[in-house]
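Please read each point with the model open.

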Number of protein chains: 2
Amino acid sequence: MSVIKPSLPKGTRDFLPEQMLRRQFVMGTMQDIFEKYGYQPLETPSIEKLEVLSGKYGDEGEKLIFKVLRRGTGLEDLLQGESEFTVRKYGDLVEEALRYDLTVPLSRVVAMYQNDLVLPFKRYQIQPVWRADRPQRGRYREFYQCDVDTVGTDSMLADAETIAIVHEVLSTLGFEHFTIRLNNRKILDGIMEYAGIRREITPSALISIDKIDKIGVDGVRKDMQARGVAAGEVAKLLNALEIAGDAHTVLAHLLDFYGENASLREGAEELQEIFTHLVAMGVPQERCKVDLFLVRGLGYYTGAMHESVVEEPKIGSLTGGGRYDRLIGMFLGREIPATGTSFGIERIIDVMTQLNMFPPQKSKTHVLIASFDKTTQASTLKMAQDFRRAGLNAEVYLNTVKLKKQFTYADRKQIPFVAIIGPDEQANNTVTLKDLGSGQQETLQWNAAVAQIKNILDIEK
Amino acid sequence: MSVIKPSLPKGTRDFLPEQMLRRQFVMGTMQDIFEKYGYQPLETPSIEKLEVLSGKYGDEGEKLIFKVLRRGTGLEDLLQGESEFTVRKYGDLVEEALRYDLTVPLSRVVAMYQNDLVLPFKRYQIQPVWRADRPQRGRYREFYQCDVDTVGTDSMLADAETIAIVHEVLSTLGFEHFTIRLNNRKILDGIMEYAGIRREITPSALISIDKIDKIGVDGVRKDMQARGVAAGEVAKLLNALEIAGDAHTVLAHLLDFYGENASLREGAEELQEIFTHLVAMGVPQERCKVDLFLVRGLGYYTGAMHESVVEEPKIGSLTGGGRYDRLIGMFLGREIPATGTSFGIERIIDVMTQLNMFPPQKSKTHVLIASFDKTTQASTLKMAQDFRRAGLNAEVYLNTVKLKKQFTYADRKQIPFVAIIGPDEQANNTVTLKDLGSGQQETLQWNAAVAQIKNILDIEK
């Protein structure tokens, strides 16, 4: 037999059951919360036309798009012994590519189905994306994204709701120490204007501000001057950005000192409105702070922006989002306001694993039904069906081997109970139930065994 | 603004919320049942190495594999104005491809993690696959597959369990008229041998038998002779295949008349054993029949094979599977027995839609919380959070517009209740609840409103 040595493409992963249970737990928690807030599911194809993806992710991003080879190009002839193949147009070989994020597909969907969608359109989407990045710790070529967005309203309530969802998801998953940082693109623009920084330099100055976590304030000062911002302008800018205090204080200070700038005023008032809503929604104020250095890499944000971070481990943001009122217009020709957030689902799972936040669980099975011998097999199968109808996950051991081996199997799979029907149990319509956790064993009526398992495992269904 | 006209690649689909709710219902039902029987989830990457997929799907299948373009080939230079690009080796441009089915990845996983996996390994997997087929009604280039398999046991109990799961899934989804057809590759081999058909012609003769549904018995007879099977052999063969009656009768007849053939005897006895288990598991006997003409296209089956079909609409099988004891050996170098089934999930959804088997549902939201005005906004947001904590899916209308418009929104999204807090309700800590189904409206305490909604919508959580 000729054997293929099996391996995986770089940067991709298999998820065996133990990992899948963790992933299902995280994604299921998010999905439940999104639905509690009225968001509906959306899925888009993995393959998009290249023209839909092109020009959306910057030059660097563009290079990372996975392209799909066209069929019937004749390239396959090389496999049949042809010695070369000439391509004259890129499009002859490639016209489709793998999904790179979930925001561009959402924008395409809104444009394509504008007559069917009732606005505001509130959707969540949890699907893999592909990026031909250099794989490294925590960075994969195929990874899930999880986005929740509201399209079609400029109400700050939508932004506040997004932040409330971030808070609820992270709390529900068990995170205790996290902060949600807020800023507003309009405030940044206003401060730039106030400091006298020319429009052409603004994007470059933003990149500089974005580096604060890595290079500190002095680093930003130097970097900005190197980018051609005058020393006096940098001083005015940093003076404004460095306002400290709780959200209320920072925003009041901003409005007092720089409130004559229309853009800044609008941005600060938007954040004030968001904070008012967050109070009404019961989001603890100490969780949220204004961080004027928050830029978020993506150029498409137009208003409020936010990200959530944990103190330990230091691994960047767990979620990031904001308002992007001009992106959908690229597909539609008219602007539709939108806001939302992305959950860094892979990073969240990595951090939760690192912090031991998952319950130890290798299997969803509640009970292993042992195979005693041929004479009791029919009763055993019948009982397994009864257990399932009663709401238990019951696995029948498929071969009649020594009970010791079957117990070892349950143990290795962390199945908490083993149920056995031998000749005596069959004669009396009972079952012997062993609790692998406590080591206790008793012989019970079938329904008493079900009740016992449910009671100990705290199963309600 | 330059606008990209948005469109989808051929054979791919967006799933808007209404469709997603149906898909989630079907996939969720399957997942619950798989877990009840002790199967655990597995996911594999969308991208596999081409060498892993090659040589598994036959010449026709091979052509339908979507290939992924390598990065950094220099092909991109064509976009920068280069006039041509020469490829000398296929592998220079392509070394990875999109998943084509879920069976080959399972085999790869078993081979790669043989030391970590506890056998028997019972897994389910629900993920998309890609085939560059010509798109047509009901056939897509990207579609979900749903497989459930047991690896590492030759016990007929595993085959019987698979069939019991098929029965439970289809019944639970609401199918009333369906049949599960069973056969065994060993029976077919035995009959071929008995009829004197040479080994070299066997695969060709099987293709002929597989056409029965389209061309009938006479068609098969002619087709087989055209393939070089002698008339006398064809007669002996068809005489055996045409045995009619219930499963018990057919198998008894087979053993009586042809039981001296070892392969046939083994196959028939395996089916008898499977039927014994099915009786013990409570699968109605009239659901299952032996169909000796059942071949199932895939060459890799080695034992029991089965498929399920509905009478109306006539659209081929909803599920199909069987035992494949030699496939995993292609990766591992030693054979590991395996059996399972694939659910034609897209076809099942299509048929259920056609037969109106889905409840009309456009949204999972239970209640729309209206925005009355600024003065009651905080109470409204607070109540929404209370409703959510009580287990309701509650969407807040995000803009303060006329109530009529908010009612229209709820109506279009089929949200069954609207809750309003105006100044009176705010003063009295009440809420006015309108049931859009009955048109009834009453003013209630918040918790009474929650109870009312749960009661009418029959929500327990």
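1. H7(B) passes H10(B) in a right-handed crossing, a crossing being right-handed if the near helix is turned clockwise from the far one by less than a right angle, and left-handed if anticlockwise. The axes of H7 (residues 185–195) and H10 (residues 231–241), both of chain B, come within 8 Å and cross at roughly 145°. Axes are lines fitted to C-alpha atoms, for helices over the stretch in contact, with angles running from 0 to 180 degrees between N-to-C directions. Helices (H or I, at least four residues) and strands (E, at least two) are DSSP runs, numbered from the N terminus.

2. The model is predicted: local features need pLDDT of at least 70, side-chain atom pairs count only at pLDDT 80 or more, and totals for chains, interfaces and linings use all residues. Residues are numbered from 1 along each chain as its sequence is written, while chains are lettered from A and ligands numbered from 1 in the order in which they are written.

3. H10(B) also meets H9(B) (residues 212–226), the axes coming within 10 Å and crossing at roughly 145°. This crossing of H9(B) and H10(B) is right-handed. From H9(B), B:Val217, B:Arg221, B:Met224 and B:Gln225 are in contact with B:Ala231, B:Val234 and B:Leu238 of H10(B); contact requires C-beta atoms, placed from the backbone, within 7 Å. The contact comprises five nonpolar residues, one polar and one charged. Here Ala, Val, Leu, Ile, Met, Phe, Trp, Tyr, Cys and Pro count as nonpolar, Asp, Glu, Lys and Arg as charged, and the others, Gly among them, as polar.

4. Is H6(B) mostly covered or mostly exposed? Of its 18 residues, 15 are buried, and H6(B) is thus mostly covered; a buried residue has 20 or more other C-beta atoms within 10 Å of its own, with C-beta atoms placed from the backbone. H6(B) (residues 156–173) reaches 26 Å from its first C-alpha to its last, close to the 26 Å expected at 1.5 Å a residue, the expected span being 1.5 Å times one less than the number of residues. B:Gly174, with a positive phi near 105°, follows H6(B).

5. Between the chains, 92 residues of chain A and 92 residues of chain B take part in the contact. On the side of chain A that touches chain B, helix H15 (residues 377–389) supplies the largest share, six residues. By class, that side has 48 nonpolar, 20 polar and 24 charged residues.

6. Strand S4 (residues 85–87) of chain A pairs with strand S4 (residues 85–87) of chain B in the antiparallel sense over three bridges; pairing requires at least two DSSP bridges. A:Val87 stands opposite B:Phe85 in S4(B).

Note on methods: Contact = placed C-beta atoms within 7 Å. Buried ≥ 20, exposed ≤ 12 C-beta atoms within 10 Å, placed from the backbone.
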